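Please keep the sequence and the model in view while reading.

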Amino acid sequence: QGTLTVNAATNANNNFDFNINVNNTANLVYNGAEGQNYNIGQNSKVQFGNGANSANIEFNSGNYNLQGDLNNSSGNTTSFNNSTLTLAANNYAGGYNINGSQIDLSDGSFSEHTFESLKVNNTELALDINFENPENSDKLIAVNEGGQVIINELNILPETGAQDSGENPV
């Protein structure tokens, strides 16, 4: 129980410079270093403790690659504030809050990401769109919760595998 605030080292090399398990009703606030990239997921040094419930991990500033749920994320909340977030997994079971940040799916390929619980506030979205076949576009799905997302970047791509022969523009 209680809150621990950690300020990042200036060079984290895509990882955290400490190990921590956040347990029942405890809070971790991690203030990332400006311009640093962090990988988060099951192999991250920052995790929820085994059996943790109602715990919170808050990531502020920085660029985060969410490779999957943190261990033991079910029943707990992970928040991203004033950050850029990329998504590597297709499904996220934990609770997520994204505030004043950007979710960047614009990587030149089409992907679908489903969150069991996602709350967004003042969050921007960058995604890849295919107007010829909208089903082949990036998808962000919130099963529960939701919120307003501001689309701030659209990359219009041809359908996967389509090539422009010059006769029929894609």
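The chain exposes about 8,900 Å², and carbon and sulfur atoms supply 39% of that area; accessible areas come from the Shrake-Rupley method with a 1.4 Å probe, and for residues only the protein chains shown count as cover. This is a predicted model, in which local features need pLDDT of at least 70 and side-chain atom pairs count only at pLDDT 80 or more, while totals for chains, interfaces and linings use all residues. Residues are numbered from 1 along each chain as its sequence is written, and side-chain values use heavy atoms, with hydrogens and water left out.

The pLDDT, which is the predictor's confidence in each residue on a scale from 0 to 100, averages 84 over the chain, and 81% of the residues score at least 70. Over residues 161-170, however, the pLDDT is below 50, and this stretch has 8 contacts in the model beyond near neighbours in sequence, where contact means heavy atoms within 4.5 Å.

**Strands and core**

The secondary structure comes to 0 helices and 13 strands; helices (H or I, at least four residues) and strands (E, at least two) are DSSP runs, numbered from the N terminus. Of the contacts with a separation of 6 or more, 53% are between residues 24 or more positions apart.

Buried residues make up 41% of the 170 residues in the chain, where buried means under 20% relative accessible area, exposed over 50%, and partly exposed in between (1.4 Å probe, protein chains only). In soluble globular proteins, nonpolar side chains tend to be buried together. Here the largest nonpolar core has 36 residues, and those with the most contacts inside it are Tyr-30, Phe-59, Leu-66 and Phe-80; strand E12 (residues 112-129) gives the largest share, 6 residues. Such a core is a set of buried Ala, Val, Leu, Ile, Met, Phe, Trp, Tyr and Cys residues joined through side-chain atoms within 4.5 Å. Leaving aside neighbours within four places in sequence, Phe-59 is in contact with several residues, including Phe-16, Tyr-30, Ile-40 and Phe-80.

**Aromatic pairs**

The count of aromatic pairs comes to 9; rings of Phe, Tyr and Trp (its six-membered ring) pair if their centres lie within 6.5 Å, with planes under 30 degrees apart counted as stacked, over 60 as edge-to-face and the rest as tilted.

Tyr-38 lies in strand E4 and Tyr-64 in strand E7 (residues 63-66), so their pair ties together parts that are 26 residues apart in sequence. Tyr-38 counts as buried because its relative accessibility is 1%, and Tyr-64 is likewise buried at 1%. Tyr-96 in strand E10 (residues 91-99) and Phe-115 in strand E12 are 19 residues apart, and both are buried. Ring pairs also link Tyr-30, Tyr-38, Phe-59, Tyr-64 and Phe-80 into a cluster.

**Two further residues**

Ser-44 is placed in the loop between strand E4 (37-40) and strand E5 (46-48), and with 9% relative accessibility Ser-44 counts as buried. Not counting residues up to four places away in sequence, Ser-44 touches Phe-16, Asn-39 and Leu-70.

Ala-142, by contrast, belongs to strand E13 (residues 139-156) and counts as partly exposed because its relative accessibility is 33%. With residues up to four places away set aside, Ala-142 touches Phe-115 and Leu-118.
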